[in-house]
Amino acid sequence: MIRVPFLDLAASQAPLTAELDEAWQRVTRSARYVGGPVVEEFEDAWAGASGVGHAVGVGNGTDAIELALRGLGLGPGDEVLVPANTFIATAEAVVAVGAVPRFIDVDPATMLVTPEAVEAGTTPRTAAVIVVHLYGQAADMTAIADVARRTGIAVVEDCAQAQGARWNGRPVGSFGVAGCTSFYPGKNLGAFGDGGALVTDDAALARRVRQLADHGRALDSKYEHPLVGRNSRLDAVQAAVLSVKLPHLGSWNEQRRSASRQYAERLSGFSGVRLTEQSPGSESVHHLEVVRVPGRDEVRAALLAAGIETGIHYPVPCHRQAGYLQFPHQDLQVTEGSSPHLLSLPLFPGITGQQVDLVCDELLRALEHQTATVGTHRP
């Protein structure tokens, strides 16, 4: 029996049932299922929440990154810096436009890309860096933006795990030329299926991405296609769902912060657990509660036996995936040294203090058992 699920979407969505039903009825009454006012209203709201002038709804977060790179004119002959410890979609989008991902390492405390890694990874072919705000925490955008200006590369932000996060009080997605996000159901702001968006203050880039996402269609003509585009549009049903959920994002993120604080209070004194540290300038939204433990797979099995679900983000770094072995990378000591120890604990809006305590009790029990039987070391 599962006592603590890794993710419980119903816990936060149940109170919104009436609003979500009305949103569905609004779309069906309008019969505007692709585009239209429902999508436009959400785009405006998401641009405002992101602190930028423009938002373009697209089919998913991977498309958002790919379309951002295409909109910037990147392609064959270009390199894009990508942190090695991210979901494969970040690198996949680079390959999709014909560019080359160059994998760079991350900070051992925060697991985020650093300005030093960006500068060290830049080559004469580097055209851009994709900064991933991993686990819900914002990377040091002040310093990274400074490096990008000095080296002449573009900054694209991958905000899929950081909806609502801020760096020095400013929303993620508003620092680079474009911010990209996914509305996959498990995200802090999740739809009822796939969805994504690109945000930017560059009106010309927003127009170009909107065209590329709609078959390269001219914005003022249904039958003219001046660009070679593709089909990647946020549908009205998902936009309606997201519009209902967006006003609750702040309170949901605060519930995540509260649970994360409880985890830190319970686990920070135990030498077998290494918490992911928080940067002083980052206002994290704690999409994931990632710790590093020795004997990760045995610990995870013990937790599951106790009815506690966990995740791993990510067991195989991008540069070790079979399809990506040919791409260049830095010395990736942090990424490679951390990946065997990463463990994601349950965290979601609505998780109770009792559930967090149960997870901590069972985690510490598993680690103490491991220490008593085979010994341990700090991951």
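**Helices, cores and open spaces in a predicted model**

In helix 4, the buried residues are Gly61, Asp63, Ala64, Ile65, Glu66, Leu67, Ala68, Leu69 and Gly71. The model described here is a predicted one. Because nine of the eleven residues of helix 4 are buried, this helix is largely enclosed by the rest of the structure. Its N-terminal end is capped by Asn60, from which a side-chain oxygen lies 3.1 Å from the backbone nitrogen of Thr62, and just after the helix Gly73 takes a positive phi of about 85°.

Helix 9, which spans residues 236-245, is also described by its burial: eight of its ten residues are buried, so it is largely enclosed by the rest of the structure. These buried residues are Ala236, Gln238, Ala239, Ala240, Val241, Leu242, Val244 and Lys245, and they pack against helix 1 (9-13), helix 2 (17-30), helix 3 and helix 10 (249-267). At the start of helix 9, the backbone nitrogen of Val237 is reached to within 3.0 Å by a side-chain oxygen of Asp235.

The largest nonpolar core holds 69 residues, of which Leu69, Val80, Phe103, Val118, Ile130 and Val131 touch the most other members. Strand 4 (residues 126-132) gives the largest share of this core, with six residues. When residues up to four places away in sequence are not counted, Val80 touches Leu74, Val94, Ala99, Val100, Pro101, Arg102, Ala128, Val129 and Ile130.

Thr200 is placed in strand 9 (residues 196-200) and, with a relative accessibility of 2%, counts as buried. Its side chain reaches the backbone oxygen of Val177 at 2.6 Å, and a polar atom of the side chain of Thr200 lies 2.9 Å from the backbone nitrogen of Asp202. With neighbours within four places in sequence left aside, Thr200 is in contact with Val52, Gly53, His54, Val177, Ala178, Leu205 and Ala206. Gln330, by contrast, lies in a loop, the one between helix 11 (296-305) and helix 12 (333-338). This residue has a relative accessible area of 17% and is buried, since buried means under 20%. The side chain of Gln330 reaches the backbone oxygen of Ala117 at 3.0 Å; beyond its neighbours within four places in sequence, Gln330 is in contact with Phe103, Ile104, Asp105, Ala117, Ala120 and Gly121. Of these contacts, Phe103 is also named among the residues of the largest nonpolar core that touch the most other members.

The largest pocket has a volume of about 560 Å³. Its lining consists of 29 residues, with Phe87, Gln161, Ser182, Tyr184 and Lys187 lying nearest the centre, and the elements that give two or more residues to this lining are helix 4 (61-71), helix 5 (88-96) and strand 8 (178-182). By class, 13 of the lining residues are nonpolar, twelve are polar and four are charged. The second largest pocket contains about 360 Å³ of space and is lined by 19 residues, of which Gly35, Glu43, Arg210, Asp214 and Arg233 lie nearest its centre. At least two residues of that lining are supplied by each of helix 3 (37-49), strand 1 (54-58) and helix 8 (203-213), and the lining divides into seven nonpolar, five polar and seven charged residues.

The structure also holds two cavities of 30 Å³ or more. The largest cavity, with a volume of about 110 Å³, is lined by 16 residues, and Leu9, Ser12, Pro185, Lys187 and Asn188 are the closest to its centre; Lys187 is likewise one of the residues that lie nearest the centre of the largest pocket. Helix 1 and helix 10 each supply at least two residues of the cavity lining, the largest share, three residues, coming from helix 1. Seven residues of this lining are nonpolar, five are polar and four are charged. The second largest cavity has a volume of about 30 Å³ and is lined by Asn85, Met111, Tyr314, Pro317, Thr335, Ser339 and Leu342, a lining with four nonpolar, three polar and no charged residues.

Conventions:
Residues are numbered from 1 along each chain as its sequence is written. This is a predicted model: local features need pLDDT of at least 70, side-chain atom pairs count only at pLDDT 80 or more; totals for chains, interfaces and linings use all residues. Side-chain values use heavy atoms; hydrogens and water are left out. On a 1 Å grid over the protein atoms alone, a cavity is a set of points where a 1.4 Å probe fits but cannot get out, and a pocket is an open set with protein on both sides within 12 Å along at least five of seven lines; lining residues have an atom within 4 Å of a point. Grid points are joined across faces, edges and corners, and a volume is the space filled by probe spheres set on the points. Helices (H or I, at least four residues) and strands (E, at least two) are DSSP runs, numbered from the N terminus. Ala, Val, Leu, Ile, Met, Phe, Trp, Tyr, Cys and Pro count as nonpolar, Asp, Glu, Lys and Arg as charged, and the others, Gly among them, as polar. A nonpolar core is a set of buried Ala, Val, Leu, Ile, Met, Phe, Trp, Tyr and Cys residues joined through side-chain atoms within 4.5 Å. Buried means under 20% relative accessible area, exposed over 50%, partly exposed in between (1.4 Å probe, protein chains only). Contact means heavy atoms within 4.5 Å. A polar contact is a pair of N or O atoms within 3.5 Å; within protein, one must be able to donate a hydrogen and the other to accept it, and residues adjacent in sequence count only if both atoms are side-chain atoms.
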